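Me: I am new to this structure and would like to go through it in short questions. Please show it first.

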Amino acid sequence: MIHLTINGKAIEAPDGVTILEAARLYNIGIPSLCHLKDIHTYGSCRICVVEVEGMKNLAASCIVKAKEGMVVHTHSPKVRAARKVLYELLLSDHPKDCLNCTRNQNCELQELGYTLGVTESRLSGEMSPAKVDVSPSITRDTSKCVLCRRCVTVCNRIQEVGAIGAQNRGFATVVGPAMGLPLDSTACAMCGQCTVVCPTGALTETDGLSKVWAALENPAKRVVVQVAPAVRAALGEEFGLPAGTLVTGKMASALHEIGFDDVFDTDFAADLTIIEEGTELLGRLSAALTGGEAALPMLTSCSPGWIKHIEHKYPAQLGHLSSCKSPHTMLGALAKSFYAEKIGRKPEEMFVVSVMPCTAKKYEIQRPEMGQNGIPDVDAVLTTRELARMIKASGIDFLNLPEGGFDRPLGLSTGAADIFGVTGGVMEAALRTVYELVTGRELPFDGLHVTPIVGLEQVKTASLTIE
């Protein structure tokens, strides 16, 4: 342990931590922008600068290590003045379109201005070249990029996809694919993790709301909406509820109030996935045991980001993927065939909307195999954030809504489908089904001993295991 003084307070911290980490151990707030705890430390924005007695210049607290006997001032007049200038320099190369930006009131750069007390932008000059790149899942607006490189770290080190990086040098630096290529033409998995860590509106999910509003206003369309299991545990955060709060009933009520004709549960199709993948696994095992050819192990195929990543990086393993569609495209196909027939509608009259936690689903529905006779299984995908914006735009008092429910028959499901929203849930549900089909007994709670693949970076491990 080392001992230092921050703002006149004597503190103790583990040797090797940065000044920023030491301060946060004692709830001493130091503003930052490019820093991302445990993931990204780069020191490019310098907003976290502090004054250290004995040092000639201000120190970036996110990268400078705390030392024994160090005396630090985090909010001295010199520090506060420097932070304001640094922030204004960022603003001088940033568009002032906050009112019509999708990240308005949910933007770290905007919030930082409030924290620093910046009320005007005094600096102006040449602006970086602006480019808007719209892919099926992710929209890039380079004019809003602050070059924090968080997205680069997540894409390259956390996901190990490597689709984006810092291109060019100096004032011409831009974060994006090599050679200025559009994101859709690269090995990008469309997972959307870059949009999660972006502090501004430089990276956002591609808009799906305009198509949905248009369909709701079209009397010739029967608009069906389905919701993934993870959404009901995340939507509440957009309305001030604690993370993980289940809002299933209120969510169903909100969707009915917005005007959707049918509100279905993707868990219905998740049950179908369990049966289909379990049966397919049994078929492969049976073929292998009788001397036939079978691609084992079998990999689940619910995530389009996972599929796209394998297609780009490990094409030799494609035969190991389950042949099943993802649950939401299964339900879309059912809604436009089985359900449409039951209610006397043509497939082209049905408009299916999926509310999903993953931006890759936006890309998935545009794949030609995800449809029949030129009619897509799913017409639009909304993220959890987009659904929240839709509810707010409809003037719905979400927190005081009565508890509603999903419509039948495609709103029914078992408990097995619920665990799809957690790591390894798809595999566990399928294996438990296989066990029961073979033995006629339920697998004991502690009877399953498997290791799921977590994140795209572990696909490499799975590939080496298969080989």
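Me: How many bridges join β11 to β13?
Reply: This is a predicted model, in which local features need pLDDT of at least 70, side-chain atom pairs count only at pLDDT 80 or more, and totals for chains, interfaces and linings use all residues. Residues are numbered from 1 along each chain as its sequence is written, and side-chain values use heavy atoms, with hydrogens and water left out. Strands (E, at least two residues) and helices (H or I, at least four) are DSSP runs numbered from the N terminus, and two strands pair if DSSP finds at least two bridges between them. β11 and β13 run parallel, and the number of bridges joining them is 6.

Me: Which residue of β16 is the bridge partner of S354?
Reply: β13 also pairs with β16, in the parallel sense, over 3 bridges. In β16, the partner of S354 is V381.

Me: How many of the 6 residues of β13 are buried?
Reply: Buried means under 20% relative accessible area, exposed over 50%, and partly exposed in between (1.4 Å probe, protein chains only). In a regular strand the side chains alternate between the two faces of the sheet. In β13, M350, V352 and S354 point one way, F351, V353 and V355 point the other way, and all are buried. The strand is therefore largely enclosed by the rest of the structure, and the buried count is 6 of the 6.

Me: Is the F239 and F398 pair stacked or edge-to-face?
Reply: Rings of Phe, Tyr and Trp (its six-membered ring) pair if their centres lie within 6.5 Å; planes under 30 degrees apart count as stacked, over 60 as edge-to-face and the rest as tilted. F239 and F398 are 4.4 Å apart centre to centre, with 20° between the planes. They are 159 residues apart in the chain, and both are buried. The pair is stacked.

Me: What kind of pair do F264 and Y339 form?
Reply: F264 lies in strand β12 and Y339 in helix α10, 75 residues apart. Their ring centres are 5.1 Å apart and their planes stand at 90°, so the pair is edge-to-face.

Me: Which residue forms a salt bridge with R150?
Reply: A salt bridge is a side-chain nitrogen of Lys or Arg within 4 Å of a carboxyl oxygen of Asp or Glu, and the whole structure has 18 of them. R150 is in helix α4 and its partner in helix α3, so the pair ties together parts 42 residues apart in sequence. With the closest N and O atoms 2.8 Å apart, the partner is E108.

Me: Which residues are linked with R232 in a network of salt bridges?
Reply: R232 forms a salt bridge with D265 at 2.7 Å between the closest N and O atoms, and both residues are buried. The residues linked with R232 in the network are D265 and D267.
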